[in-house]
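Here is a short briefing on one protein model. Look over the sequence and the fold before reading on.

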Amino acid sequence: MLTVLHALQGQLLAAMQRAFPEAGQPLDPQLAPASKPEFGDFQANGALPLAKPLGQPPRAIATAIVEQLAADPAFAELCLEPQIAGPGFINLKLRPERLAAEVQARLGDPRLGVPSVAAAGVPLYPVIVDFSSPNIAKEMHVGHLRSTIIGDALARVLEFRGHPVLRLNHVGDWGTQFGMLITHLKQVAPAALNTADAVDLGDLVAFYRQAKARFDDDESFQTTSREEVVKLQGGDPVSLKAWGLLCDQSRREFQKIYDRLDIRLAERGESFYNPFLLAVVDDLRAAGLLVVDAGAGCVFLEGMSGKEGQPLPLIVQKSDGGFNYATTDLAAIRYRFAPAPAGDGARRVIYVTDAGQANHFAGVFQVAKRAGWIPPHCSVVHVPFGLVQGDDGKKLKTRSGDTVRLKDLLDEAVERTEADLRKRLADEQRSEDEAFIQQVATSVGLAAVKYADLSTNRITNYQFSFDRMLALTGNTAPYLLYAVVRIAGIARKGGDLGAGAVASLTFSEAQEWALVRELLKLDGVIAEVEEELLPNRLCSYLFELSQVFNRFYDQVPVLKADEPFRSSRLALCRLTTDTLSLGLGLLGIPTLERM
């Protein structure tokens with residue numbers, strides 16, 4: 001109902017200006033959705049802050065505003081007579097015919113009333129969502145789950161709103177670890193340096209651990225590894241070939257996970273920014289920000305201190321002349337905000353990483369702003385998230401104490417869903433073919449993993465539980481998917497869910513109006529997610545919508561109702577299933593016709 005909200009905002013502001021031209025200060029109706037249904041649809045609290053400057057009681061101010069509203073024909077078309085409550089709140093209730101018209105307008109509208117930013121006719125600039133970001137030569141594990149799923153959901157919402165979104169996978173494909181790994185492979189498995197897939201990724205991970213152990217304990221190995229890095233950075237053909245083979249092998253394994261989860265990403269690893277690192281240092285030096293401290297080039301951060309109260313340095317060039325993550329991240333920001341064709345020309349850049357990197361990004365963002373690489377009209381945002389925990393409240397691990405591989409976690413979700421489905425089919429004495437069982441088990445299992453993550457406020461840690469996420473009750477993906485299936489069942493029994501033109505909608509029951517109002521909240525919820533980058537807001541809305549629908553369907557006859565109520569209620573059913581399907585789709589969860 002954002003269009004209605006904006007219309008009311010303008011009408012209230014005009015009424016306040018007419019009532020109090022002498023106010024001499026910016027006026028704000030303070031319009032917001034009503035806190036309780038009995039108060040109406042909206043509540044305006046703008047009379048209260050005017051009491052002191054105007055020297056009048058807030059109820060008198062509210063009365064004067066209401067009198068001006070009564071003289072506005074456009075307001076009368078939207079709302080019933082306003083009610084003044086408490087010290088001076090103005091409660092507003094939309095006319096039933098306006099609510100019905102809002103529902104009517106959404107029937108058959110693929111966007112369900114959610115406007116596109118493209119419709120405004122203003123130039124659109126890229127929004128970059130940086131997410132997932134696994135490391136080459138390492139398997140994706142449960143730690144990558146949240147970044148991948150949250151980033152994808154945010155990208156989907158922004159794309160639906162009409163923004164040109166660039167989904168970037170900032171893969172760890174450069175640095176000291178490659179010198180270490182190539183050196184180890186040269187000595188232990190030289191075939192891997194010139195033959196594709198000579199070592200499978202699982203063994204490659206083991207090789208990485210062995211190489212890291214040698215690097216930590218063997219100074220000679222450290223020296224050779226650093227020399228190998230110099231060769232790689234210098235363009236040595238053998239080193240580059242080995243590096244390329246390792247990247248390709250890892251990339252193919254990553255893609256298997258992305259395909260399962262229906263994740264689209266454009267890879268742009270750390271190596272992409274390697275040519276720009278020296279320019280980062282030169283620009284910081286030219287801006288007077290770079291300080292050489294103990295041989296290292298760094299920028300001392302404002303407002304960020306260490307344990308002893310000294311300003312924290314952000315190191316951008318090590319004492320040996322090498323670079324680090326901060327340098328690469330600064331080069332990425334510099335490139336992403338630079339106008340095309342020298343850069344991406346983005347206006348908003350969103351980083352989806354764990355909360356443990358908050359201080360790192362705070363420092364990087366500060367330096368980038370002080371260097372002038374983030375234009376005033378642009379924004380850069382860190383979207384942090386908490387840990388995935390086990391039942392013990394600690395970081396999720398296998399029984400042996402290892403990090404849980406993401407592939408294994410997804411496999412187990414599908415296997416458990418299949419076992420539950422087969423048991424339910426047996427209990428219901430239903431017979432389904434294997435194709436149906438595999439499709440449902442895969443769809444519901446992966447949806448359950450995604451939704452369990454997204455339905456939690458991303459800022460907090462959450463406990464991973466297959467039993468909870470696969471339950472058919474509560475705020476879970478299986479529950480919502482079943483709600484969509486249930487409405488599809490009404491379609492099969494009743495024929496049409498109002499897909500044809502309904503001449504006029506007629507509602508009479510309180511449960512109908514409650515469902516109408518819930519359905520009309522969709523555009524506001526999408527706007528909140530777009531702005532606040534919290535996918536759990538959409539999850540909460542979808543769950544509440546399903547609850548409101550269930551109360552409506554349990555208490556109001558639909559298929560057995562007489563006309564015009566039958567068609568109107570079927571139209572509500574149709575809009576509900578469309579809204580649930582759209583919302584789940586924005587979370588990366590496809591719906592099913594049967595379960």
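This is a predicted model: local features need pLDDT of at least 70, side-chain atom pairs count only at pLDDT 80 or more; totals for chains, interfaces and linings use all residues.

Residues are numbered from 1 along each chain as its sequence is written, and side-chain values use heavy atoms, with hydrogens and water left out.

**The whole protein**

- The protein has 21 helices and 14 strands. Helices (H or I, at least four residues) and strands (E, at least two) are DSSP runs, numbered from the N terminus.
- The C-alpha trace spans about 85 × 75 × 45 Å along its principal axes.
- Of the 595 residues, 50% count as buried. Buried means under 20% relative accessible area, exposed means over 50%, and partly exposed lies in between (1.4 Å probe, protein chains only).
- The accessible surface is about 27000 Å², and carbon and sulfur atoms hold 53% of it. These areas come from the Shrake-Rupley method with a 1.4 Å probe; for residues, only the protein chains shown count as cover.
- Take the contacts with a separation of 6 or more: residues 24 or more positions apart account for 72% of them. A contact means heavy atoms within 4.5 Å.
- There are 62 positive and 72 negative side chains. Lys and Arg count as positive and Asp and Glu as negative, while His and the chain ends are not counted.
- The centres of the two charge sets lie 1 Å apart. Each charge is placed at NZ of Lys, CZ of Arg, CG of Asp or CD of Glu.

**The four-stranded sheet**

- Four strands form an open sheet in the order β1-β2-β4-β3, with antiparallel pairing. Two strands pair if DSSP finds at least two bridges between them.
- β1 (31-33) and β3 stand at the edges with a single partner strand each, so one side of each has no neighbour in the sheet.
- Neighbouring strands of this sheet are turned by 30 degrees against each other on average, direction ignored. Axes are lines fitted to C-alpha atoms, for helices over the stretch in contact, and angles run from 0 to 180 degrees between N-to-C directions.
- Helix α3 (residues 58-70) packs on the sheet and touches β3 and β4. The direction of α3 makes about 170 degrees with that of β3.
- β2 (residues 42-44) pairs with β4 (residues 89-92) over three antiparallel bridges. Here F42 stands opposite L92, and A44 stands opposite I90.
- β3 (residues 83-85) also pairs with β4 in the antiparallel sense, over three bridges. I84 stands opposite I90 in this pairing.
- β3 and β4 form a hairpin with three residues between the strands. G86 takes a positive phi near 55 degrees there.

**The three-stranded sheet**

- Another open sheet has the order β8-β9-β10, again with antiparallel pairing.
- β8 (291-293) and β10 (311-317) are the edge strands, each with a single partner, so one side of each is left without a neighbour in the sheet.
- The twist averages 55 degrees from one strand to the next.
- Three bridges join β8 to β9 (residues 296-305). V292 stands opposite G297 in β9.
- Five bridges join β9 to β10. S305 has P311 in β10 as its bridge partner.
- The hairpin of β9 and β10 has five residues between the strands. In its turn, G309 has a positive phi of about 85 degrees.
- Helix α13 (residues 358-370) lies across β9 and β10, at about 105 degrees to β9.

- Is E530 buried or exposed? E530 is buried, with a relative accessible area of 12%.
- E530 sits in helix α19 (residues 522-532). Leaving out residues up to four places away in sequence, E530 touches V117, V157, L158, R161, H163 and R348.
- V122 lies in the loop between α5 (96-106) and β5 (127-130). V122 counts as partly exposed, at 47% relative accessibility.
- How far apart in space are V122 and P110? They are 22 Å apart, C-alpha to C-alpha, and twelve residues apart in sequence.
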